[in-house]
Amino acid sequence: MSFWAACRLQPNRSALALHCLNLNGYEAYCPQLRERRTVRGRRIETLQPLFAGYAFVRIVLQWHTARWCPGTLGLIMDGIVPAKVPDCVISEIRSRERKGAIELPWCGPRRGDRVRVLRGPFTGHLAIFDDMKPRERVGILLHLLGGEQHVTLARKDIEMTR
């Protein structure tokens, strides 16, 4: 009987931990997200862990060596045995994987959608959604002063219009 368990990883040593787990005969799975950002004016893509500091390990016969592998901080325990992660959770995460990265469903507005400003000096104005920024910020295009002005607001300050 085999099962999946969650393993805590040491900061900045996840590659070592995954390598050592594989060397010890464990199947290790660390789902990753594709992150796009701008660095020094260039758009780059990086892969970041879906669950920072954690990975999944398939336990087949024994789990003690997985608990003490270099780069790990141990397994998530349920008393004196590792806590089991249901197979359906792992298969659901893997089903969302495309080209080596997890694609999460997007429930927010898309570029070009019409939005209404709810709070602030532009309350009630209609705008066009431009893009999502870090830290729950959004960029919108407002029609002001005879032209389009790019404005950054908090995500909670806009709503979709029909």
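**Start at the end of a helix**

Select G25, which follows α1 and has a positive phi, near 90°. Keep in mind as you go that this is a predicted model.

**Step back into α1**

Now select α1, residues 14–23. Colour A17, C20 and L21: these residues of the helix are buried. Look down the axis of α1. Its buried residues fall within an arc of 100°, so they line one face of the helix. An α-helix has 3.6 residues a turn, so residues three or four places apart point the same way.

Turn the view to the opposite side. The face of α1 turned away from its buried side carries A15 and L23, which are exposed.

What do the buried residues of α1 pack against? Show β1, β2 (27–29), β5, α2 (64–67) and β6: the buried residues of α1 pack against these elements.

**Zoom in on L21**

Select L21 and display its neighbours. Leaving out residues up to four places away in sequence, L21 touches Y26, A28, V57, A66, C69 and T72. L21 also belongs to the largest nonpolar core, which has 16 residues. Within this core, L21, Y26, V57, I59, A66 and L75 touch the most other members.

The largest share comes from β1, with four residues.

There is a second, separate core elsewhere. It has eleven residues, and A127, V138, L153 and I158 are among them. Leave it for the last stop.

**On to T72**

Select T72, one of the residues that L21 touches. T72 sits in strand β6, residues 72–75. Its relative accessible area is 8%, so T72 is buried.

Now draw a distance from the side chain of T72 to the backbone of C69. A polar atom of the T72 side chain lies 2.7 Å from the backbone oxygen of C69.

Show the other contacts as well. Not counting residues up to four places away in sequence, T72 touches C7, R8, L9, Q10, A17, L21, A66 and R67.

**Check the cysteines**

How many disulfides are there? The count comes to zero. A disulfide is a covalent bond between the sulfur atoms of two cysteines.

Select C30 with C7. C30 is in no disulfide, and the nearest cysteine sulfur, that of C7, is 10 Å away. C30 is buried, at a relative accessible area of 16%.

Then select C69 with C20. C69 is in no disulfide either; its nearest cysteine sulfur is that of C20, 5.9 Å away. C69 counts as buried, at 3% relative accessibility. Buried or exposed, then, is C20? C20 is buried, like A17 and L21 of α1.

**The aromatic cluster**

Select Y29, F51 and F56, which form one aromatic cluster. Across the whole structure, a search finds two aromatic pairs.

Take Y29 and F56 to begin with. This pair is stacked, with 6.5 Å centre to centre and 25° between the planes. The pair links distant parts of the chain: Y29 is in strand β2 and F56 in strand β5, 27 residues apart. Y29 is buried, with a relative accessible area of 8%. F56 is buried too, with a relative accessible area of 9%.

F51 is partly exposed, with a relative accessible area of 37%.

**Last stop: D130**

Select strand β13, residues 126–133, and find D130 in it. At 17% relative accessibility, D130 counts as buried, because the cut-off is under 20%.

Which side chain does D130 meet in a polar contact? It is that of H150: the side chains of D130 and H150 are joined by a polar contact of 2.9 Å. Show the remaining neighbours to finish the view. Apart from residues up to four places away in sequence, D130 touches R111, G139, I140, L141 and H150.

How values were computed
Residues are numbered from 1 along each chain as its sequence is written. This is a predicted model: local features need pLDDT of at least 70, side-chain atom pairs count only at pLDDT 80 or more; totals for chains, interfaces and linings use all residues. Side-chain values use heavy atoms; hydrogens and water are left out. A nonpolar core is a set of buried Ala, Val, Leu, Ile, Met, Phe, Trp, Tyr and Cys residues joined through side-chain atoms within 4.5 Å. Buried means under 20% relative accessible area, exposed over 50%, partly exposed in between (1.4 Å probe, protein chains only). Helices (H or I, at least four residues) and strands (E, at least two) are DSSP runs, numbered from the N terminus. Contact means heavy atoms within 4.5 Å. A disulfide is a pair of cysteine sulfur atoms within 2.5 Å. A polar contact is a pair of N or O atoms within 3.5 Å; within protein, one must be able to donate a hydrogen and the other to accept it, and residues adjacent in sequence count only if both atoms are side-chain atoms. The arc is that of the directions from the helix axis to the C-beta atoms. Rings of Phe, Tyr and Trp (its six-membered ring) pair if their centres lie within 6.5 Å; planes under 30 degrees apart count as stacked, over 60 as edge-to-face and the rest as tilted.
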